[in-house]
Number of protein chains: 4
Amino acid sequence: MADPGAKEKIGIGLIGAGFMGKCHANAFRSVAGLFDLRVEPELRVLADVDEATARRSADALGFPRSTGDWRELAGDPEVGIVAITAPNALHADIALAAIAAGQSVYCEKPLAVDIPSARAMRDAAEAAGTCTMVGFGYLRNPMLKLAREIVTSGEIGDIVAFRAIHAENYMADPSAPHSFRTDTAGGGALFDLGSHIVSIGRFLLGPIASVNGTLATIHAHRPVAPGSGETRPVEVDDRAVFLAEFDSGVTGSFEANWAASGRRMQLAFEVTGTRGAIAFNQERMNELHLYPADGATGRHGFIRIEAGPEHPPYGNLCPAGGHQLGYNELKVIEVAELLDALAGGPPAHPDFAEAFEVQRTVDAVKLSATDRRWVEVAGL
Amino acid sequence: MADPGAKEKIGIGLIGAGFMGKCHANAFRSVAGLFDLRVEPELRVLADVDEATARRSADALGFPRSTGDWRELAGDPEVGIVAITAPNALHADIALAAIAAGQSVYCEKPLAVDIPSARAMRDAAEAAGTCTMVGFGYLRNPMLKLAREIVTSGEIGDIVAFRAIHAENYMADPSAPHSFRTDTAGGGALFDLGSHIVSIGRFLLGPIASVNGTLATIHAHRPVAPGSGETRPVEVDDRAVFLAEFDSGVTGSFEANWAASGRRMQLAFEVTGTRGAIAFNQERMNELHLYPADGATGRHGFIRIEAGPEHPPYGNLCPAGGHQLGYNELKVIEVAELLDALAGGPPAHPDFAEAFEVQRTVDAVKLSATDRRWVEVAGL
Amino acid sequence: MADPGAKEKIGIGLIGAGFMGKCHANAFRSVAGLFDLRVEPELRVLADVDEATARRSADALGFPRSTGDWRELAGDPEVGIVAITAPNALHADIALAAIAAGQSVYCEKPLAVDIPSARAMRDAAEAAGTCTMVGFGYLRNPMLKLAREIVTSGEIGDIVAFRAIHAENYMADPSAPHSFRTDTAGGGALFDLGSHIVSIGRFLLGPIASVNGTLATIHAHRPVAPGSGETRPVEVDDRAVFLAEFDSGVTGSFEANWAASGRRMQLAFEVTGTRGAIAFNQERMNELHLYPADGATGRHGFIRIEAGPEHPPYGNLCPAGGHQLGYNELKVIEVAELLDALAGGPPAHPDFAEAFEVQRTVDAVKLSATDRRWVEVAGL
Amino acid sequence: MADPGAKEKIGIGLIGAGFMGKCHANAFRSVAGLFDLRVEPELRVLADVDEATARRSADALGFPRSTGDWRELAGDPEVGIVAITAPNALHADIALAAIAAGQSVYCEKPLAVDIPSARAMRDAAEAAGTCTMVGFGYLRNPMLKLAREIVTSGEIGDIVAFRAIHAENYMADPSAPHSFRTDTAGGGALFDLGSHIVSIGRFLLGPIASVNGTLATIHAHRPVAPGSGETRPVEVDDRAVFLAEFDSGVTGSFEANWAASGRRMQLAFEVTGTRGAIAFNQERMNELHLYPADGATGRHGFIRIEAGPEHPPYGNLCPAGGHQLGYNELKVIEVAELLDALAGGPPAHPDFAEAFEVQRTVDAVKLSATDRRWVEVAGL
């Protein structure tokens, strides 16, 4: 490089421009001004279902090029990272093509719609030595990182209980239509939301050995399209509740519900240790509640810790504590970690190998519900 | 009666003067000044483990007579209601003796330590036509009554999800010694706390058909006595987590934990309906949170309802809303309902028949944990 | 006494059987079973506006005798404590008569309707050596006692800021009619609610030197009686907001509002010190929030302390922390302290001397609002 | 333009690269991908105290050019908007130069350090017809916009009470050194934080007629520099408490405190109306609490409204409600509004004229504290 101060650029190719696509684009635009990165992302190509759609989105999000065929991104010399926010059923094909082309892959969760696909993705990435990152964005929250530090350091003693719930209401209305989320392949609240809390459970307590749960379809029929009078049956769950035994021996309870009236973002958990506890709720994502059992008599209680620069990487986003990060900034942190990994920093996490384990766990839950029995995760 | 204005008196014989015994005594002292009762309670005899203990407690709590032998109360002509706050293992013997003597019985929960005892109590009471009341005090909360009204009236639509937890920390410390609570017969967090949330689940959603759960003993050994260096193994659970299928088809998740660091009274539940939801936490027992799905656009959210006279029987205890009831007042309401039932008002609830169903449910959970399978409650 | 174990009894004469009268009666009924008192109260005579009303209330609350003329209580040999819950304008006459008769006086707040009356009450009690207690019930909360301990011990450093509010909504509706509360003599939110927060300010930070405030009458006319179409002007304030300089030099802000839509019991304060802070809200009266500035890095935050036996006298009412006390139990604690003072324990507080200071402070606020200037409290 | 789809660009010149400078840069980077703007910002020149500092910041934040002299920006043909995040004492000089050069001005609050400067800025902008925007970022919160809509539409009736506090703890530590914030010219908690709540009070309730307050310097001396043993006296307030009478006749209370132990972002207010109330706290900036007085009996309470796409412009930042915006996104909204105003949309607000009124109000508070009297704002 002529200019020794100039940073290396890496081209971003984004597939899908819906909720998460926009979120990815924003993260890539913002990240370089907030984090001291050795490699700087540049928005280059956006792919969507057809060229016109892609063109409009590219204009709106700031991509100079667009295409109606995602396959064009695989191997495009200007694209170093393929970011996948397409429907779940496409994740595997896209990722495998990008891996084959030597590109890095940043894929939204859940990894895939079935175990074979997920396994193929994991194996391909491992074989190629690809840098992969899966978008379990809630893990990026400085409060989650703090939670993990507290749990793994022994600060609250030995962990003895875990409970997690992810409830939202976006499918609470029976007139909410079918979408890729309700397709049998990879749909359901278990896959969509359950995968988040499984990833959090693993992040905090480690691997899950066995599961036992039930699935319920709350609204048996949904419109085939928004506003349509025609309906067809729903074949996936609206709600999943399950017990899990971690490798450590701790039992956890999990609930995923996308038809939870009143809840827009109840992603909450509590971890109990022998010398304290922590509680978190994404509804108030800038707070972690910590109970230290060794407090002074008469002064015990949960401490409401507000996120601040003392909880990395909060300080990259704001130097003043208590000012509050937002959901979108979790994705900024995510891409910062991905770019850091690409530049030789700590490995990206969760990568495909980790996301495969999450996938296997939710699949085991599905099997346990069908068979009404405990299922070993490792058996799938 | 010479004085037409004078109310009929009913004598109270109390067995046990610990936490709950004192609470019962206080409730009987207070109730007549707060509720317009047709029959007025009078503290008459207190029984405890020995005469000296009983005498001291009788003096402290305001009973003129005392005894070291609870059997003296059965059939005592001055005792119309036998109030049982003795260890769980004694409930059956005492209750059966009182029933046989034609007295009414007010018994703390859980009803008994095993199914045969509980069944015998239920059957004896039914055969004798005895008025019985079991002390599931949390149900007396005006906010719980409001919750039931909301759930059963259809105000939040069809119920589709239920989650309940009862976590306290009184056994969180491994140096907390053995007590009647940790005896195999009738002990464990499942029986002690799980019975509360099962009673609440039934109160709100009706009977439970089948269960599937796990039990965990967090502290495997405990001192044989307070401060003792000698320990013996713990044979009961510190924590129980289970799934339940209600007769209505709804799945619920339950957690009972008496070793929950940081939690002194996390008795919490959430009921989700197709057109709304309610949430409650005994930590803030004067609030019920209601989400009505039919709110105006942009004005949706959980309403924090504060208990007031519009939520009976709050007004009997305080004419001013928001002033807050306390735990002890739940017991005042409980004895008011018992005395009202004795005077021909609505039947006491939960009576032995209902408490037997609760007992059967927690026993089914125990069996499910042992056998690692779903268990039908009706089969026990 | 023949029976060395028997406790001395003291007769209670209660004047007024409304909200607070019922609350007093309940407290006297309950207290002996909860606190280890050397003198035991006995309900003896109830006075109300006429004999019939008094009779009905006496029956309901458990007083054997009744009267339509409160003057009969003064000097009644069976009455040791005269409890005053009559309208504010009567407090002085009743109290002075009881003091003259050698009885102890337990008077609801505010002490009187003007400075001369309040001063006369204080002086008479002091001259006669009467045991007096004024019903600023919120001070009895174990969480307030804890707050005071934290503030006065230096636990949060030097106090540098104070803010208090007492907002309720019982006069928010313009159709709420006139009552003794809206009479010019002694009425208004400033006197009714402002006196509570002034008492709390003094309890925590000590005397108030000067004040400066404004009064507002939100609803200029109110019905002369419930449901009446006839209205008359309101001459007292619905809302008072004022600044205060404590003797210590700290500035505090206060707000009293009885027309505060949405607030049923927002009695809240925050005390800021150089090394921490505390925050309290009676809406959640069993919690005190403590911020210790010396927490560990990344673990700072407000601790939500839940009331328990480690916060006396909570343990007298319940041995289990987190179970929650209610408003009525604050009055039980109040009468326990009164009875303890009568039996030679610590002096009752706040007595008439303290209540006079509160009265003087709110009167100074009134003057400051009229004159639109700072007013020295000691000048009144 | 050759390309009809290409958007007009506008060059950004930023002065200052501290907390707010970084925040501005990030907002300008992000905004075009989130809002459908007719004019697109482009980072062009960054000025800071010297060339080296400016160069480093320019590299970090993505500006191609840099300068150690802000004067170079005034009139730079590549700079359409001058964004000022320099110390308060420089605001006037910079703004006047930019206005004279025909550029738009985006200035951080408070507008200036004294009334004459502020007036000159207002007058110059008005005379030149300059588009100005002042960074009272909290006003951009969709929840504040909702609050304003509720207040001004009459949804909660006539407004009768207002209370606001802005407390932070960044100066709570006496070892926090002097900075531009503690300089007499334009410093103090009153100017720094009080200006925010005055702007909010005006946003919601309109102009303030008169004020009466007190100022306190909590820490009389501070180090001259971080870690320095040498101190010098503090001449500004750490805390300001004041009463205010709005033109509408409503009285409000305000508190600004930058030495508030425990509070990192307690920017809170409550507005009471005759038919409801709203409450807000920036600590949980994605929630607005609304009490509608016309609720159903037994269902009254504050509704916790969570921000979502139904509260514009939330949907521009995230299509899914409850996902939470962060502090930085308030600035994104701010620049979107500025850019929209430049492109012919609604006028930018608050502009210099509005910020002058805020300035005048806090100056009046200062005078009232000195003179210990009520002060008319319009008189300054």
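A: Two strands are said to pair if DSSP finds at least two bridges between them, and the helices (H or I, at least four residues) and strands (E, at least two) are themselves DSSP runs, numbered from the N terminus. The model is predicted, with local features needing pLDDT of at least 70 and side-chain atom pairs counting only at pLDDT 80 or more, while totals for chains, interfaces and linings use all residues. Residues are numbered from 1 along each chain as its sequence is written, chains are lettered from A and ligands numbered from 1 in the order in which they are written, and side-chain values use heavy atoms, with hydrogens and water left out.

Q: How many bridges join β1 and β4 of chain C?
A: Strand β1 (residues 8-15) of chain C and strand β4 (residues 81-84) of chain C run parallel and are joined by four bridges; I12(C) stands opposite I81(C) in β4(C).

Q: In what order do the strands of the sheet in chain C lie?
A: The order is β3-β2-β1-β4-β5-β6 in an open sheet of six strands with parallel pairing. At the edges are β3 (65-67) and β6 (132-134) of chain C, each of which pairs on one side only.

Q: Which helix of chain C touches β1, β2, β4 and β5?
A: Contact means heavy atoms within 4.5 Å, and axes are lines fitted to C-alpha atoms, for helices over the stretch in contact, with angles from 0 to 180 degrees between N-to-C directions. Helix α1 (residues 19-34) of chain C packs on the sheet, touching these strands, and its direction makes about 155° with that of β2(C). Helix α9 (residues 352-371) of chain C lies across β5 and β6 of chain C, running at about 35° to β6(C).

Q: At what angle do the axes of α5 and α6 of chain A cross?
A: Angles under 35 degrees count as roughly parallel, over 145 as roughly antiparallel, 65 to 115 as roughly perpendicular and the rest as oblique. The axes of α5 (residues 142-152) and α6 (residues 189-205) of chain A come within 8 Å and cross at roughly 40°, and the two helices are therefore oblique to each other.
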